[in-house]
Amino acid sequence: MAAGEGATHRAGALKQQNKPHKGRKQRGSSQRRAGGRVPAKTLSRRRRDLTKPDRRHQALQLRRQRKEAVLTEKRNLGGKDGPPHLVVLLPLHAGLDAQDALRLLQSEESAIVHKDERRTEGFTLLCPRFKQRWRFVTAHVGNLHAVLDLAKVADTLLFVLDPLDGWDSAGDYCLSCLFAQGLPSYALAVQGVTDLPQKKQVDAKKKLGKAIEKRFPEAKFFPLNTEQESLLLLRHLATQKQRHLAFRDRRAYLLAHDAEFVPSQDSDLVGTLKVSGFIRGRPLNVNSLMHIVGHGDFQMSQIDAPPDPFPLNPRVVKGQQTKGQDMEIQDDSVNGAVEMEAVIKVLMTVDPRRQESLQSEVIPDPMEGEQTWPTEEELKEAEDSLKERRKVVKVPKGTSSYQAAWIVDDGGDGSEEEEEEEEEDDDMEDEDLMEEASQAGESSEEEEEPGEDECETMTVGESARDDLYDEKLDEDEEQMLEKYKQARLDEMFPDEVDTPRNLPARVRFQKYRGLKSFRTSPWDPKENLPRDYARIFQFQDFSRTRKHVFRQIEREETEGAAVGWYVTLHICNVPVSVMESFRQGMPLVLFSLLPHEQKMSVLNFVVRRHQGNSETVKAKEELIFHCGFRRFRASPLYSQHSSADKHKLERYLRPDAALVVTVYAPIAFPPASVLLFKQRSNRMHDLLATGSLLSVDPDRILIKRVVLSGHPFKIFSKTAVVRYMFFNREDVLWFKPVELRTKWGRRGHITEPLGTHGHMKCHFDGQLKSQDTVLLNLYKRVFPKWTYDPHVPEPVPWVRNEHQLLVHEVEME
């Protein structure tokens with residue numbers, strides 16, 4: 001027993017092993033293991049984990065802050081601490097008189113009216129009763145640039161409607177442009193309802209209400225016939241909700257109230273422009289750049305603070321002396337503000353170290369590529385030897401090469417012809433290459449012949465103007481008809497071109513390449529870039545730069561002139577044409593630029609064709625762009641709007657799909673609206689398309705496709721003999737690696753050439769039909785042309801009927 005008691009039991013190898021019980025994790029143990037360290041996620045969670053009363057209190061505070069911000073904005077707009085409420089009066093019918101509406105708005109008894117001495121169609125209205133001040137400016141529908149420029153800075157657009165028709169064709173066209181650009185707050189006023197018979201007034205209001213509901217679904221129109229109705233309209237303008245435009249909420253802008261031009265010492269054509277007006281949007285820093293709409297970007301030298309010419313309550317200003325000074329300022333505003341200069345304060349002067357540069361293009365370094373460039377003598381020798389080697393002569397049929405070497409040809413060398421062909425290829429006129437060459441030859445022969453008719457002189461009387469107009473009209477219609485035919489051919493046979501007979505296809509399409517798949521085949525965006533790409537700026541990540549700029553604007557407080565101050569900006573190196581345009585009655589609108597917005601890059605816009613325009617528009621035709629607050633001319637390219645890395649080029653502006661328009665232009669930050677106009681020969685502008693800014697991306701790959709077609713001559717099941725795609729054996733061998741396809745969905749490849757006339761044996765993945773067409777796709781990357789021009793000519797005022805348009809065009813001729 002003693003021995004048995006000392007022995008212990010040991011488990012065998014087959015003993016069952018149960019899983020241990022895990023139990024609960026203790027919070028203290030994990031905290032002890034962490035050693036006091038708190039993860040970032042846990043810390044952020046603790047900040048969010050608020051109790052229900054705390055969350056309710058936080059939401060209440062946010063609502064109060066938003067409400068207070070809206071009320072503060074309403075009080076400042078038109079109040080004593082803010083700029084005057086800018087109202088742009090826009091009559092939308094030819095039968096309306098804007099002066100009648102202005103007289104009614106001036107009829108408030110307690111209001112003080114300050115009329116513009118430079119312009120008769122505008123005034124400032126001070127209402128101490130409402131503690132508001134308004135600035136009314138009239139815009140004419142015919143002057144499209146003035147209407148769009150005023151709408152960019154207006155606080156409210158006041159549309160004046162006709163009681164019967166509402167608006168005419170010109171007013172409808174103007175509304176289309178304004179809706180595409182972006183509408184600020186607006187109000188509708190109907191003038192002339194009381195002039196109608198009593199029985200027709202109710203029917204006219206119902207008809208007008210239905211028409212307004214289509215254009216302005218949530219709007220309410222106000223009658224404007226009596227002084228009482230004008231008072232109700234003013235109250236509505238003062239209390240209505242303000243609509244914000246994205247492109248002006250982040251920038252300082254102003255409408256010039258007065259301007260003065262001081263010529264420089266070197267030239268009278270350039271000088272300093274002193275522009276006076278109220279700051280709107282955001283505070284203005286003197287070191288930033290200013291953009292004068294329609295004229296370009298400029299730098300400022302200083303900002304002055306003259307006395308406010310329109311104080312809401314003159315009694316608040318110190319003493320009688322200030323009131324007398326105000327009166328003197330108003331009296332001397334025509335002859336020159338002599339007394340104003342004594343009280344002007346200089347707010348800011350420019351700091352050269354912090355001032356934004358006007359450099360818009362990159363200056364390329366020719367030695368950056370580390371390549372040795374040949375001298376002029378070496379280039380000349382190489383050119384001479386190339387001419388001797390490639391001499392092209394016209395010889396009779398059957399002449400040998402030995403005999404041809406002794407024939408002297410005075411018609412020029414072949415290098416010039418090749419250069420002309422390459423230029424025509426870059427101009428995207430591949431299908432008309434041979435026709436243009438033949439036409440050029442015919443025209444040159446006609447020029448060589450002596451023309452006796454050119455020596456005659458004719459005197460055209462007044463009665464012959466109609467004949468001249470009809471002749472010009474016929475020429476325009478012929479050109480439009482030819483463009484329409486080409487667009488229809490491109491729509492029926494997309495990208496198909498004819499293979500030239502007198503030029504090898506391997507030479508004609510030497511810049512093109514074949515792709516296994518347009519969607520998945522790689523294409524390097526940095527390959528074979530043009531010289532213009534050395535002049536532009538490019539961001540590593542444009543969206544990140546945009547977010548950084550916007551956050552910097554929101555967080556940092558801008559030093560300078562605050563919103564609502566009446567200031568005078570000294571803008572340097574301004575051409576005298578800006579002042580001449582202001583004297584002629586055009587509005588002078590200024591916007592401050594954000595960082596990088598003066599630099600050139602490649603801009604892409606998404607646009608849709610305007611429904612009221614069906615004109616054929618080819619790629620690389622010069623158009624007029626209204627992008628945000630900018631206005632410029634450029635020759636764009638059109639491409640498909642897709643999410644792929646390559647985008648197929650479109651030869652025409654399609655009416656049935658959204659397209660991407662690509663141009664060289666100054667950088668802009670989206671969101672920004674864009675309007676595309678085309679200028680007629682009589683300087684009238686037609687709205688082609690509307691859209692918005694998509695991106696600033698020079699790496700967007702635009703691929704031009706060329707399709708060569710052939711006819712199956714003999715078919716043997718999956719094998720066929722194809723002709724008319726090439727016309728010599730060497731071309732067939734050159735394009736042998738490129739895959740073929742047919743219009744009925746077959747795919748294949750070239751097996752071997754047959755004979756010397758371009759016939760080739762092809763093998764396909766299925767039975768080929770005799771009605772089918774064999775196609776070969778070739779691709780080339782294209783780039784826009786550098787045709788950016790910030791100076792846009794003023795359009796001819798819109799004419800409201802065809803008779804006036806005919807008379808105006810004849811006078812232009």
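**View A. Helix H20 is followed by Gly585, whose phi is positive, near 105 degrees.** Helices here are DSSP runs of H or I with at least four residues, strands are DSSP runs of E with at least two, and both are numbered from the N terminus. This is a predicted model, with pLDDT of at least 70 needed for local features and 80 or more for side-chain atom pairs, while totals for chains, interfaces and linings use all residues. Residues are numbered from 1 along each chain as its sequence is written, and side-chain values use heavy atoms, leaving out hydrogens and water. H20 itself runs over residues 576-583, and its buried residues are Val578, Met579, Ser581 and Phe582 (buried is under 20% relative accessible area, exposed is over 50%, and partly exposed is in between, with a 1.4 Å probe and protein chains only). These four sit on the same side of H20, because they cover an arc of only 160 degrees around the axis (the arc is taken from the directions between the helix axis and the C-beta atoms). What do they pack against? The partners are four strands: S9 (258-263), S10 (270-278), S11 (290-292) and S16 (566-575).

**View B. Helices H6 and H7 cross at roughly 35 degrees, with their axes coming within 11 Å.** H6 covers residues 144-153 and H7 covers residues 169-181. Each axis is a line fitted to C-alpha atoms over the stretch in contact, and the angle, on a scale from 0 to 180 degrees, is taken between N-to-C directions. From H6, the residues at the meeting place are Leu144, Val147, Leu148, Ala151 and Lys152, and from H7 they are Tyr173, Cys174, Cys177, Leu178 and Gln181 (contact means heavy atoms within 4.5 Å). Sorted by class, the contact of H6 with H7 has 8 nonpolar residues, 1 polar and 1 charged. The nonpolar class takes in Ala, Val, Leu, Ile, Met, Phe, Trp, Tyr, Cys and Pro; the charged class takes in Asp, Glu, Lys and Arg; the others, Gly among them, are polar. H6 is mostly covered, with 10 of its 10 residues buried. Among them are His145, Asp149 and Lys152.

**View C. Cys177 of H7 is one of the residues that meet H6.** For Cys177, the nearest cysteine sulfur is that of Cys174, 6.5 Å away. Cys177 is buried, with a relative accessible area of 0%. Cys762 also counts as buried, at 0% relative accessibility.

**View D. Pro636 sits in the loop between strands S20 (630-634) and S21 (637-640).** Buried or exposed: which is Pro636? Its relative accessible area is 0%, so Pro636 is buried. Leaving out neighbours within four places in sequence, Pro636 is in contact with Ala619, Lys620, Glu621, Leu623, Phe625, Val661, Thr662 and Val663. Take Phe625: it is 11 residues from Pro636 in sequence, and the C-alpha to C-alpha distance is 10.0 Å.

**View E. Pro670 and Pro671 are joined by a cis peptide bond.** Omega is about 5 degrees for this bond. Pro671 belongs to the loop between strands S23 (659-666) and S24 (673-679).

**View F. His596 has a positive phi, near 80 degrees, without being a glycine.** The loop between strands S17 (589-592) and S18 (600-609) holds His596. With 23% relative accessibility, His596 counts as partly exposed.

**View G. Tyr724 is not a glycine, yet its phi is positive, at about 70 degrees.** Tyr724 lies in a loop, with strand S27 (719-723) on one end and helix H21 (729-734) on the other. Tyr724 is partly exposed, with a relative accessible area of 47%.

**View H. Glu227 is in helix H9 (residues 227-239).** Glu227 and Leu104 are 123 residues apart along the chain, and 5.8 Å separates their C-alpha atoms. Neighbours within four places in sequence aside, Glu227 is in contact with Leu104 and Ser107.

Terms used:
Disulfide = S-S within 2.5 Å.
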